[in-house]
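Biologist: I would like to learn how to read a model like this one. Could we take the features in turn?

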Amino acid sequence: MSNNNNQGGSLGLWTCVAMIAGGMIGSSIFSLSGLTIYSAGPAAIITWAIAAAIMLCYGLICAELSTRFPKSGGVFVFPSKALGKTKEVGKFWGWVSTWGYINANIVAISFAAIYVGTYLSVGFPIFEGKQILLAIISVLVIMILNSIKFTLAGKVNNILVLAMVAAMLIYIGVAFFSGAWDSSTLVPFFSQGARGTSGFLQMVPTAMTGYGSIVAMAFMVSEVKNPNRNVPKSVLIAMCIVLCLYLGIITATVGMVSAGFLMENPGMQYIPLYAAAFTKLAAYPWISKVISIAAVLALYTTMLTVMSLTSRAIQASAEQGIMPQKLAQNNKAGVPVYATLTVTIPCLVISCFPQFTEMIVSFGALFAAVTIIINIISLIVARKKFSLPDGAFKAPGGIALPLIALGLIIMCYIPDVFNGGWMIWAYSIAWYFVGIIFYKVRTKNQNTVGGKEYEKVG
């Protein structure tokens with residue numbers, strides 16, 4: 001294999017850290033954290049720590065893959081290079097990984113856009129009744145940011161992340177130093193939640209969604225300066241920052257809002273920070289506005305990162321001739337603008353139907369699991385097929401790391417997938433069936449530019 005380009009793109013370490021952290025901190029900690037508290041009680045603190053450990057393993061696996069195959073669009077590139085005895089077989093597995101990933105990410109962007117209106121309307125009454133309009137505006141703003149020079153978008157993201165972290169720290173500080181936090185609500189620790197003493201383990205898959213963007217820079221490695229160093233390092237630093245913030249938020253909240261309170265007030269389950277603000281921090285009426293601002297900034301940074309990841313995955317597929325060649329083209333700023341527009345359009349449509357939010361999100365569960373499993377297997381196979389390029393990062397733990405990560409992720413995701421019922425399976429099978437038909441039609445008897453690109457990158 002050829003030697004890695006050690007210089008890479010233009011994004012430095014701290015911009016990479018901000019992209020990963022901003023991508024991870026989204027609606028999950030502001031909404032799904034309440035569901036983990038409801039189900040696990042104070043032990044939700046452990047839930048989020050376990051989820052972080054699992055997703056850190058996955059992040060390091062993808063970091064190694066990105067330095068083995070240093071090209072953006074890793075969700076397609078990694079399987080296409082590593083899997084299969086022939087290039088065509090590898091390309092097929094890259095497409096399977098990408099096709100589900102596109103669906104899951106479009107759902108994630110739409111979910112975040114819908115919740116922008118939800119959080120703004122709670123903190124600022126002037127926005128009540130404008131959820132759909134705010135969702136549409138949010139998607140369009142993120143599309144514009146993703147269409148400008150990537151270094152400029154990175155600087156905007158840095159500012160948003162700093163403001164978001166500041167707002168989260170304000171909430172944590174007020175919770176602990178206002179006298180509202182009560183340690184007695186943490187007792188008993190494991191049995192308070194609706195799912196009993198094992199609830200903290202059952203909720204790990206839910207918490208894992210809060211760390212999904214740990215792979216952001218690995219999947220956009222072409223944009224990273226000195227990727228052999230900065231991709232793995234940014235994964236570790238971003239996870240440390242995000243985990244500290246998450247544990248701070250969860251610990252602050254469970255000391256003010258108990259699982260019992262959320263059982264008695266189901267309307268508060270998805271807005272636990274507001275529940276704390278309304279019940280225990282009423283002396284600080286401005287805190288609800290701080291929560292709204294933090295939530296909206298988190299949603300925007302998540303949308304920015306996820307749309308970037310998805311457009312690069314589409315671009316990588318187009319370079320291989322699977323999707324229309326137009327989608328592989330960059331604009332003057334070096335951004336795959338047509339691929340970005342392709343992501344934007346379905347997000348705009350889905351954002352107009354907030355009443356189906358829960359159903360929309362549930363349909364993405366299986367796609368996320370399939371993509372993660374394919375990428376972990378890609379590392380196992382790549383280590384057998386290829387020697388490690390000079391200077392490339394190697395994830396610690398040898399063969400044990402991917403095998404442990406694979407086992408844990410399967411155990412965590414599969415129960416949720418099966419509990420989703422026949423509709424998730426029917427929808428998922430139909431989506432992959434359409435994707436395979438599309439692949440067959442697009443690749444039949446084609447000698448594409450993407451095939452030449454495959455040779456050049458490999």
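Modeller: We will go from the whole chain to single residues. Keep in mind that this is a predicted model.

Biologist: What helices and strands does the protein chain have, and how many?

Modeller: The protein chain has 20 helices and zero strands. Its radius of gyration is 21 Å, close to the 23 Å that the globule rule gives for 458 residues, so the chain is as compact as a globular protein of that length. Along the principal axes, the C-alpha trace spans about 65 × 45 × 45 Å.

Biologist: How do I read burial, and what percentage of the residues is buried?

Modeller: A residue is called buried when its relative accessible area is under 20%. In the protein chain, buried residues make up 57% of the 458. The accessible surface comes to about 17,700 Å², and 69% of that belongs to carbon and sulfur atoms.

Biologist: Which contacts join residues at least 24 apart, and what is their share?

Modeller: Take the contacts between residues at least 6 apart in sequence: 84% of them join residues at least 24 apart.

Biologist: How many positive and negative charges are there, and where are their mean positions?

Modeller: There are 27 positive and 12 negative charges, and their mean positions are 10 Å apart.

Biologist: Why does Tyr 300 count as buried?

Modeller: The cut-off is under 20%. Tyr 300 has a relative accessibility of 16%, so Tyr 300 counts as buried. This residue sits in helix H14, residues 287–319. Leaving out residues up to four places away in sequence, Tyr 300 touches Val 116, Ser 138, Val 141 and Ile 142.

Biologist: How far apart are Tyr 300 and Leu 262 in sequence and in space?

Modeller: Tyr 300 and Leu 262 are 38 residues apart in sequence, and 27 Å apart in space from C-alpha to C-alpha. For another pair, Ala 277 and Ser 288 are eleven residues apart in sequence and 6.0 Å apart in space, again C-alpha to C-alpha. Ala 277 belongs to helix H13, residues 272–279, and is buried at a relative accessible area of 5%. Beyond neighbours within four places in sequence, Ala 277 is in contact with Ala 282, Ile 287 and Ile 291.

Biologist: Which residues does Ser 213 touch, and where is Ser 213?

Modeller: Ser 213 is in the loop between helix H9 (204–208) and H10, and counts as buried at 5% relative accessibility. Not counting residues up to four places away, Ser 213 touches Ile 20, Gly 23, Met 24, Thr 305 and Val 306.

Biologist: What can the backbone angles show in the loops?

Modeller: Look at omega and phi. A cis peptide bond joins Val 187 and Pro 188, with omega about -5°. Pro 188 lies in the loop between helix H7 (150–177) and helix H8 (199–202). Asn 226, in the loop between helix H10 (216–219) and helix H11 (227–254), has phi near 50°, a positive value in a residue other than glycine.

Note on methods. Residues are numbered from 1 along each chain as its sequence is written. This is a predicted model: local features need pLDDT of at least 70, side-chain atom pairs count only at pLDDT 80 or more; totals for chains, interfaces and linings use all residues. Side-chain values use heavy atoms; hydrogens and water are left out. Helices (H or I, at least four residues) and strands (E, at least two) are DSSP runs, numbered from the N terminus. The radius of gyration is taken over C-alpha atoms; the globule rule is 2.2 Å times the number of residues to the power 0.38. Buried means under 20% relative accessible area, exposed over 50%, partly exposed in between (1.4 Å probe, protein chains only). Contact means heavy atoms within 4.5 Å. Accessible areas come from the Shrake-Rupley method with a 1.4 Å probe; for residues, only the protein chains shown count as cover. Lys and Arg count as positive and Asp and Glu as negative; His and the chain ends are not counted. The place of a charge is taken as NZ of Lys, CZ of Arg, CG of Asp or CD of Glu.
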